[in-house]
Amino acid sequence: MKKTFKGGAHPHDFKELSKDKSIVTIDAPDKVIIPLSQHIGAPCEPLVAVGDHVKMGQKIGDSKAFISSPVHSSVSGTVVDIKPCPNPRGVEVMSVIIENDHQDEPVEDFSFNDRLSDITRDELVSLIREAGIVGMGGAGFPTAAKIISCAETKIDYVIINAAECEPYLTNDYRLMMEYPNEIIDGLTAITKIFDSKIYFAVEDNKPDVIDRYQDMVKNRSDIEIVPLKTKYPQGGEKQLVYAVSGRVIPTGKLPSEVGAIIMNAGTVYAIYEMIQRRKPLFERVVTITGDAVFSTGNFRVRVGSTFDYVLEKVGGFKEEPAKVIMGGPMMGITQYRTDVPVVKTTSGILCLTEKSVDRPKRTYCIRCGKCIAACPMNLLPAMLSMYAEKKEYDKLEKFDVMSCIECGTCSFTCPGKKYLVQNIRDAKAKVGEIRRRRAQEEKEKKEAEAKKAS
Amino acid sequence: MNTSYVMSSSPHMRSDETVTKIMRDVIIALVPAGVIGVYFFGPRALMHIIITVAACIASEWAYNKITKKGYNTIGDLSAVVTGILLAYNLPVAAPLWIGLVGGAFAIIVVKQFFGGLGQNFMNPALAARAFLFSWAVIMTTWTAPHTVLPIFATPATDAIATATPLVALKAGQIPDAGLFNLFIGNVGGCIGETSALCLLIGGAYLVIRKVISVRIPLAFILTVAVLTLIFARGNNNLEFMLSHILSGGLMLGAIFMATDYATSPVTKKGQIIFGIGCGLLTVFIRYFGSYPEGVSYSILLMNACVWLIDTHTKPKAFGEGAKK
């Protein structure tokens, strides 16, 4: 039996729109907008000033904070402005705007040079940090910080998340199919960081990847290909660790709690590029898809190219989209404007026509329990959503609202088309606020008591 | 630049599952029992089904109109399901107006007054049936299979009355009909309740289509089985137990009424507790009640406990209490 988790759903994956399209490079635009925060953690401070000349791959922003990741210029040219700019996350982010001189003058020679044999662990980690590598599945957690924070714990499951369980997205699939040697080099680099076997987890809707990689690692004992059942959200952190290792991450803890660390397939490729080619993360593969797009496919795009530019380059729309999403349809973020830049975590740009936009006339719960059967966290979404509507925050806490991973499986499954996860997401923010306030009050109370005692 | 894009919180896609599809599956699952009901009790049975369904749809439509809901819910087919279930719970000799009264009561009072589909706390068809017991003689006058009845006129009750197997069981006897007739439904009883075989076929369909889980029906029927086996009357325990399971409204109740989404628990543990509760009450009423059948009332009583059960049977979240 294929490894998997309990619950989940089987959305139609729409990967047929782009899975057979080879990666095509999109030329750099005349101007790039490089946000100084493309990750979870502290934003970077700019290292350049207006008027400075920068090279392609030059570090233009960094931070001293532990959880942060530097950003690099994706072109060579001149810094023309540093100002807050619209960002695909929906907020304005301080960004460096660079006018491209179209010379693509690299900061260093990016040609291949095998350095794997004599590289040390510390060198590897520092290169990963300097390359600005973050989790490329969408969350954008700085990879170096993740590795360093695991230093104290015994890691015996290094899991590569190649599940790509989001419908529509095929960027990881194309990377794995077109760059197998590079991915294997990336994996080899990771084996030098952790004293553990690597588990390369792929959903079984990608049999060609499984066959290819199984063949490539057949003489290696340090890498194992783990086929997983195709089911959403197979790539969820807790679901993936459980499927691969059978271990359950305790509520509120990280995978390292059970000796596991997860890296995305795209991240592995980025590690390869830095180690073997000294090329930092300033371009990535983006799946451009959806029924509004004229020509769907997978494209290598410079970070900082706007959605508008990229969409125009691939041939524009065959029908005006009603919804533009960064990422996949299950957890992606809708865009209110398309002059936002592609960032490190832009796995896809999904453009849906009015026909594909979900607008239920009426939403209601018939208590069928389908959301409950499907919840990969074993929660009761129907009840949580109802309590959220009634704003009963104490009940929400009691019914584990904070365990929700917001994967959206409940809303997807609901025959009454209720906005379950959307209600729950709102409630989570409120409960989080209440918890913080409570902690603050307790702290103040303790301090007051301590004062009284002294 | 277009700035009129739809902004929304993820997910941005939905399954093609709808309430209508679920209700359509329930209707399909109810067909075998209806067909055999019409076969055993004649065209008058079909007339009852048509009238209750029509009454339920008309009530649903009228309520939406009168209260100016702005949408109509007849399309979700839930009123059709209620109508069919109500007809299946009527004796074939009952006057036809009883279906009209029952249908209107089920939809308007039991379902819509409490907020409509998913909000009602009692099963509409069962609550309507309980209401119709205001006409106790009508509701307890049973007809033997293959009795020829007029389609429209009300038959004289004394001419056609027969006893149901439950009366024999109550007296501690094995029904004369025999297990085979009980199994296929060739006995007196409500229109859609007699054929365990057809109801089981419908139930299997619902389980395969994942409309219901086996938890409630299985817990319900097993509880009745165990109790009637332990506390069997007469000298053949096994036959007594099987007769109990195949008689009355147990199969119809366990498979189609106790599994009603709105009025049964949503948690797995809760569903098992609910099923066991229904089974306990059914046997209790069948053994000690003044009326020989207990399925309807046991389900209605358990309906009232659903919220209590649900809020006390929260499953452990994935990762809750997990150790390193």
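This is a predicted model: local features need pLDDT of at least 70, side-chain atom pairs count only at pLDDT 80 or more; totals for chains, interfaces and linings use all residues.
## Chain A as a whole

Chain A contains 13 helices and 17 strands. Its C-alpha trace spans about 70 × 60 × 50 Å along the principal axes. A compact globule with 454 residues would have a radius of gyration near 22 Å, and the 23 Å of chain A agrees with this.

Of the 454 residues in chain A, 59% count as buried. Among the contacts in chain A with a separation of 6 or more, 74% are between residues 24 or more positions apart.

## Surface and charge of chain A

The accessible surface of chain A is about 18,500 Å². Carbon and sulfur atoms account for 51% of that surface.

Chain A carries 64 positive and 62 negative side chains. The centres of these two sets lie 7 Å apart.

## Contact between chains A and B

The contact involves 70 residues from chain A and 46 residues from chain B. About 4,900 Å² is buried between the two chains, and carbon and sulfur atoms give 58% of this area. On the chain B side, B:His12, B:Arg14 and B:Phe318 lose the most area to chain A. Together these three residues make up 19% of what that side buries.

## Helix α6 of chain A

Helix α6 of chain A covers residues 237-245 and is mostly covered, with seven of its nine residues buried. The buried residues are A:Lys238, A:Gln239, A:Leu240, A:Val241, A:Ala243, A:Val244 and A:Ser245.

Just after the helix, A:Gly246 takes a positive phi of about 75°.

## B:Ala55 in chain B

B:Ala55 belongs to helix α2 of chain B, which runs over residues 43-66. Is B:Ala55 buried or exposed? B:Ala55 counts as buried because its relative accessibility is 7%, and the cut-off for buried is under 20%.

Apart from its neighbours within four places in sequence, B:Ala55 is in contact with B:Gly99, B:Leu100 and B:Gly103. B:Ala163 is 108 residues away from B:Ala55 along the chain, and the C-alpha atoms of the two are separated by 29 Å.

Methods:
Residues are numbered from 1 along each chain as its sequence is written. Chains are lettered from A and ligands numbered from 1 in the order in which they are written. Side-chain values use heavy atoms; hydrogens and water are left out. Helices (H or I, at least four residues) and strands (E, at least two) are DSSP runs, numbered from the N terminus. The radius of gyration is taken over C-alpha atoms; the globule rule is 2.2 Å times the number of residues to the power 0.38. Buried means under 20% relative accessible area, exposed over 50%, partly exposed in between (1.4 Å probe, protein chains only). Contact means heavy atoms within 4.5 Å. Accessible areas come from the Shrake-Rupley method with a 1.4 Å probe; for residues, only the protein chains shown count as cover. Lys and Arg count as positive and Asp and Glu as negative; His and the chain ends are not counted. The place of a charge is taken as NZ of Lys, CZ of Arg, CG of Asp or CD of Glu. Buried area is the accessible area (1.4 Å probe) that two parts lose on being put together, summed over both.
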